[in-house]
Amino acid sequence: MKHTRKLLSILLTLALVLSCSVAAFAAGVFTDIPSGAYYERAAEYAFEKNLLFGTGDGRFSPNMNLSRGMLATILWRNEGQPVAGDSAFTDVRSDAYYAAAIGWATENGIVFGYGNDLFGPEDDIQRQQLAVMLYRYAEYKGENMTVTSSTPFADDDRIANYAKTAVEWAREREIIAGKGGNLFDPAGSATRAEAAAMVYRYLTADRGDDPDDGEDSPAPNPPVTEPDPTPTPDPTPTPEPDPDEEAKVLVAYFSCTNHTEGVAQKIKTAIGESADLHEIVPAVPYTADDLNYGNSICRANQEQNDEAARPVISGTVENMEDYDVIFLGYPIWWGIAPRIMQTFVENNDLSGKTVIPFCTSGSSPYNDSNIKASAGNDITWITGQRFSSGASQAVVETWVAGLNLDLGQ
Ligand SMILES: Cc1cc2nc3c(=O)[nH]c(=O)nc-3n(C[C@H](O)[C@H](O)[C@H](O)COP(=O)(O)O)c2cc1C
């Protein structure tokens, strides 16, 4: 009798526990999502749109971390899984599930990797990296990327430079909300729940693609292939050239991974015969290790941290005095131009010339402050433009045309 009572009480407790768990978890697609969880709808949405599946046995595994390869795959699936070539990353196997996604994301300037030809597809994605990938995706979709009044997080100073704009953008658009205590935790790994929530908020934000309106379209935005914003020509008038003489243009650029070089070539093509191309070559070339800016003491980072650093340039521009207009191209390194660009403007007499900087970056905006500060006086500066690595000839040409340069042609 004592045994029967004990058995009964165990069975009762078990029944109670079971009924509580059933009530606590959503009756939706996944069995491990508590009802009302902040990511509940996001997980279902990701599942319905074939963006992110479960982890087996009906589980979503919300607290598991999401990998970098998986986020690229989510965005690629949202685009309808376009066919793409392999990326050049040595750690992305061509038979991996994320290979095509990373190939596509690389081609479209959505991912750049760590440098050193590495992408880290299996690495947990950091919250700031997630913001950056979403930001570049939005750029790729041709969205208005203006940030007007983003509220800072308490740990803003821990956000890597390359991610600052993206985090501000994501916060202003309420894609990220942050953690308690107004913290963003930029280097923290994003869980599947967090990633699903951010992707959901981005994809469904004010675009009439209400997840509950029964619509089935996975891509809320019209596809736009060119991410660059409409360039704003500088109001500073370009000095009139002598009508008898054709103004000569130099497109000088520094580029380690060919992004800026690509834009420089397109500028030359846009201008034609009267433009010469000149590569600014460092006396000591930058190795992949030198450029591995995830490593705080890599050569590039040390130089950027040292205001006095002036890496030596190999070779000179022949006949600098012949040029009237200088396009000056560089990648953005930690928000500004690489120090070697300061060497360039200090070594060359640019007085009397019109100088138009242009840059490429992962996401950081245009910045010409350090080259302007280092250059001499009597230069007509035209505010330039940041381009994505995949900027098309048409975009570059529109920008050049908008500068209204009178090249006497
Ligand atoms: C040392 C270093 C620092 C960088 N810092 C930033 C940054 O602050 N913001 C950003 O958006 N991209 C950053 N990047 C990415 C480059 O700006 C981007 O990949 C650029 O297009 C490279 O141009 P290139 O191929 O002409 O060298 C950095 C790259 C390196 C190597």
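**Exercise 1. Work out how helices α8 and α12 cross, and which residues bring them together.**

Keep in mind that this is a predicted model. Begin with the handedness: α8 and α12 make a right-handed crossing. Next, find the two helices, with α8 spanning residues 259-271 and α12 spanning residues 393-402. Their axes come within 9 Å and cross at roughly 60°. An angle from 65 to 115 degrees would count as roughly perpendicular and one under 35 degrees as roughly parallel. The pair α8 and α12 is therefore oblique. Now look at the contact itself: on the α8 side are V263, K266, I267, T269, A270 and I271, and they meet Q393, V396, E397 and V400 of α12. Sorted by class, the residues of this contact are 6 nonpolar, 2 polar and 2 charged.

**Exercise 2. Describe the shell of residues around the ligand.**

Start with the count: 26 residues surround the ligand, and the closest are S255, T257, T260, P331 and G362. Then ask which elements supply two or more residues to this shell; they are α6 (161-172), α8 and α9 (299-305). Sorting by class comes next, and the shell has 10 nonpolar, 15 polar and 1 charged residues. Finally, check the domains: domain 1 (2-204) and domain 2 (249-402) each provide at least three residues of the shell.

**Exercise 3. Decide how α3 and α5 are oriented, and list the residues where they meet.**

Locate α3 at residues 68-78 and α5 at residues 127-140. These helices pack at an angle of about 25°, and their axes are 11 Å apart. Angles under 35 degrees count as roughly parallel, so α3 and α5 are roughly parallel to each other. Their crossing is right-handed. From α3, the residues R68, L71 and L75 meet Q129, L130, M133 and Y137 of α5. That contact is made up of 5 nonpolar, 1 polar and 1 charged residues.

**Exercise 4. Find the orientation of α5 relative to α6, and the make-up of their contact.**

Here the axes of α5 and α6 come within 8 Å and cross at roughly 75°. Because angles of 65 to 115 degrees count as roughly perpendicular, α5 and α6 are roughly perpendicular to each other. In α5, the residues Q128, A131, V132, L134 and Y135 meet Y162, A163, A166, V167, W169 and A170 in α6.

Methods
Residues numbered from 1 in each chain as written. Predicted model: local features only at pLDDT ≥ 70, side-chain atom pairs only at ≥ 80, totals over all residues. Axes fitted to C-alpha atoms, helices over the stretch in contact; angles between N-to-C directions. Helix = DSSP H or I, 4+ residues; strand = E, 2+ residues; numbered from the N terminus. Parallel < 35°, antiparallel > 145°, perpendicular 65-115°, else oblique. Left-handed = near helix turned anticlockwise from the far one by under 90°. Contact = placed C-beta atoms within 7 Å. Nonpolar A, V, L, I, M, F, W, Y, C, P; charged D, E, K, R; others polar. Near = placed C-beta within 6 Å. Domains from an automatic or database assignment.
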